[in-house]
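Here are my notes for you on this one. Have the sequence and the 3D view open while you read.

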Amino acid sequence: MTEHHQTLALVLFSAFVAVTLAITTWAGRHRRGGAEEFYAGGRLFTPLENGLAIAGDYMSAASFLGISGLIALYGYDGLLYSVGFFVAWLVVLLLVAELVRNCGRFTLADVVAARMRERPVRIAAGLSSVTVSVLYLVAQMVGAGTLVSLLLGQASGAARSWAVIGVGALMVVYVSLGGMRATTWIQIVKAVLLMAGALALTALVLVRFHGDFDQLLRAAADRSGHGRDFLAPGLKYGGGWAARLDFISLAVALVLGTAGLPHILSRFYTVPTARAARRSAVWSIGLIGGFYLMTIVLGFGAAAVVGPGAVRASNGAGNTAVPLLALDLGGGSGSLGGTVLFAVVAAVAFATILAVVAGITLASSASVAHDLYASLRRRDRGPLREVAVARVAAVVIGAVAIALGLLARDLNVAFLVGLAFALAASANLPVLLYSLFWRRFTTRGAVWAVYGGLVPGLALVVLSPVVSGRPSSLFPGLDFQYFPLENPGLVSIPLGFLAGWLGAVTSREPADEAKHAETEVRALTGAGAV
């Protein structure tokens, strides 16, 4: 990239960081203190504000950079991510949003522990939430490293490493000083910027092809080198039975995973009522649906305008497709229009990463403090000490995410998020649905459901081609690959549900049907909700 690109983009980066730090400072000064303020922003947000924040939380670097890159490289097969991420919101709206808001206070464990023995359930759910959140954070760190190395024109590890460390430091500041109030407003600002940027790029792509989407697809197929196969299934997931099963596994993980993501579930606690939570989900569905339709245009636009070869040469995982598309649409490298458009898109992508990591870090630190620490602390230590623990946890989680982000820097960010979705659907979704809908569910069933999905899911990832056995693996020089699928969802999600059922039916502890009835009334009517 030229010096003009670097200077302008860095100015825009700095402007966004300054705005977000100002929001954090303002939120810190207006914070009333206490757990409800730190974890839920005082439950003062309107459905529109929370809907924008949910959309900002959900439309991550995986969406903006990763999905478009996969479509640019693999055509039709990359569409699965766009469709899966969007369809998943129907599960959230129909099964989760209103019920979770009525039954919980701050975290997933609140919903489950309402009718179980608290300590074992909170420890299991807290560990699961932190694991899923850290894996999701790694994807954002990889996106940050890729973006900054592209901006600075440096493929060296040093540029990526400093980008990852910088993002990690900022996310700790946002969460530690501002809590949920600052995080929510950062996500609202980011959602508006991202929607505006994606809309502008989509319009420019369609103008380039005179509004003819069919012409865009034909141009993408011709430029891809695969002809009409680029527009048909099988380019990425058609190499054999393992690839086809991987396709199914990813699809199941994407559709079911959203309802188990801790940072998404925590957003429903920031509104005052269950009705507001449902309206928030409706607002977010409209925004997210429009955005994922635009990622399809951007992905095929990158294939048609930039070309898969140029995208792959810049970044083998395809994470730079959208910035390169912006550069070309603006007039090419060296032109004023290309410089401006590239800088704007790069700044929006960076804003996307900063906002999402803040939300995820807050959710995971809440799980550490409210679930893990609260289960082990002495009863005489109040909620203010718990908030202090959450701030310390944010620092530790940030350090872990930075280390893993440096390790996984060559993987596609959408693919990494797919792994997080698989673990969320394996460990969190079974225990959540059983707790809400099964009268005979017990504490043993809850603990088994979490560990029965989480442990096999992690083990299968470690034994998969993601970690070893291929040139693109995390450790290409090693080979302990025994599981053929890249995404473990097809195996680990059923195991989570099976373990929960088996634990409940073999438990000597009788199910507390009175507490289930109380939970059911509270979930459906909101009576007694916090």
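In which helix is the place of Val-396? Keep that in mind for point 2.

1. First, some ground rules: this is a predicted model, where local features need pLDDT of at least 70, side-chain atom pairs count only at pLDDT 80 or more, and totals for chains, interfaces and linings use all residues. Residues are numbered from 1 along each chain as its sequence is written, and side-chain values use heavy atoms, leaving out hydrogens and water.

2. Val-396 sits in helix α16, residues 383-407. The chain has 20 helices and 0 strands (DSSP runs, numbered from the N terminus: H or I of at least four residues for helices, E of at least two for strands).

3. Val-396 counts as partly exposed because its relative accessibility is 48% (buried is under 20% relative accessible area, exposed over 50%, partly exposed in between, with a 1.4 Å probe and protein chains only).

4. Now look at the whole chain: buried residues make up 60% of its 530 residues. Its C-alpha trace spans about 65 × 55 × 45 Å along the principal axes.

5. Inside, the largest nonpolar core has 134 residues, and Phe-268 and Trp-89 are among those touching the most other members (a core is a set of buried Ala, Val, Leu, Ile, Met, Phe, Trp, Tyr and Cys joined through side-chain atoms within 4.5 Å). A second, separate core of 15 residues includes Met-116 and Ala-504.

6. Leaving aside residues up to four places away in sequence, Phe-268 touches Trp-89, Ile-54 and Arg-101, among others (contact means heavy atoms within 4.5 Å).
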